[in-house]
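Welcome! Please take a moment to look over the sequence and the 3D structure before reading the tour below.

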Amino acid sequence: MADAAVVGDSSSGVVCDKEISVEGTSLRGNVTAVPKQLIAAFGPGDTDGDPKTALEWHFKDSVGSVWAIYDWKMLSWMSPQAIKDHPDAVVFNIGGHKGGDPIEFREYLNVVLANAQDEGAKVSLLSESEKEDAKNNK
């Protein structure tokens with residue numbers, strides 16, 4: 001894990017650090033990416049034996065909102081090493097605290113994944129106002 005350092009787009013103010021507590025976060029969106037690209041961008045992503053995830057990264061944005069990227073229950077059908085070595089893009093969850101504005105984190109992920117040249121990467125993470133706009137435009 002990056003040791004309390006800005007990883008990726010240094011102008012964003014987003015910090016990736018395993019020591020950031022993600023307690024109380026819940027599903028806010030997802031990112032589809034090749035596991036090796038996330039590992040290259042953010043470090044090993046080890047979960048210290050969590051039985052539900054093999055890879056997990058913790059982040060804090062410039063206003064103190066906490067975010068996490070993690071696989072969810074892939075260990076049910078793959079070993080940790082098979083997940084890390086998977087050659088294709090898979091869906092990882094993005095967790096965050098309710099009320100956190102995801103725009104800065106989403107932009108950060110888009111820059112980092114573009115720099116990683118993960119052409120299949122896709123970030124789906126909407127702010128509350130963007131969700132409301134999408135709901136009203138249906």
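Which pattern does the protein chain follow, read along the sequence? The pattern is β-β-β-α-β-β-α-β-α-β-α, and the protein chain has four helices and seven strands. Helices (H or I, at least four residues) and strands (E, at least two) are DSSP runs, numbered from the N terminus.

A word on the basis of this report: this is a predicted model, where local features need pLDDT of at least 70 and side-chain atom pairs count only at pLDDT 80 or more, while totals for chains, interfaces and linings use all residues. Residues are numbered from 1 along each chain as its sequence is written, and side-chain values use heavy atoms, with hydrogens and water left out.

**The whole chain**

Of the 138 residues in the protein chain, 43% are buried. Here buried means under 20% relative accessible area, exposed over 50%, and partly exposed in between (1.4 Å probe, protein chains only). Among contacts with a separation of 6 or more, 68% are between residues 24 or more positions apart; a contact means heavy atoms within 4.5 Å.

**The cores**

In soluble globular proteins, nonpolar side chains tend to be buried together. A nonpolar core is a set of buried Ala, Val, Leu, Ile, Met, Phe, Trp, Tyr and Cys residues joined through side-chain atoms within 4.5 Å. The largest one has 25 residues, and Phe42, Trp57, Phe59, Ile69 and Phe105 have the most contacts inside it. Elements giving two or more residues to this core include strand S3 (26–33), helix H1 (35–42) and helix H3 (103–115). H3 gives the most, with five residues. A second, separate core of five residues includes Ile20, Val22, Val66 and Tyr70.

How many of the five residues of S5 are buried? Five of the five are, so S5 is largely enclosed by the rest of the structure. Val66, Ala68 and Tyr70 cover one side, while Trp67 and Ile69 lie on the other.

| Strands | Sense | Bridges | A bridge pair |
|---|---|---|---|
| S4 and S5 | antiparallel | five bridges | Trp57 and Ile69 |
| S5 and S6 | antiparallel | four bridges | Ile69 and Ile94 |

The hairpin of S4 and S5 has five residues between the strands, and Gly64 there takes a positive phi near 95 degrees.

**Asn93 in strand S6**

Asn93 sits in strand S6 (residues 90–96). Is Asn93 buried or exposed? Asn93 is buried, with a relative accessible area of 15%. Leaving aside residues up to four places away in sequence, Asn93 touches Leu27, Gly29, Asn30, Ala68, Ile69, Tyr70 and Trp72.

The buried residues of H1 are Pro35, Leu38, Ala41 and Phe42. Seen down the axis of H1, these residues fall within an arc of 130 degrees, so they line one face of the helix. That arc is taken from the directions from the helix axis to the C-beta atoms. Just after H1, Gly43 takes a positive phi of about 105 degrees.

Lys73 also has a positive phi, of about 65 degrees, although Lys73 is not a glycine. Lys73 is found in the loop between S5 and helix H2 (80–85), and counts as partly exposed at 38% relative accessibility.

How values were computed
Two strands pair if DSSP finds at least two bridges between them.
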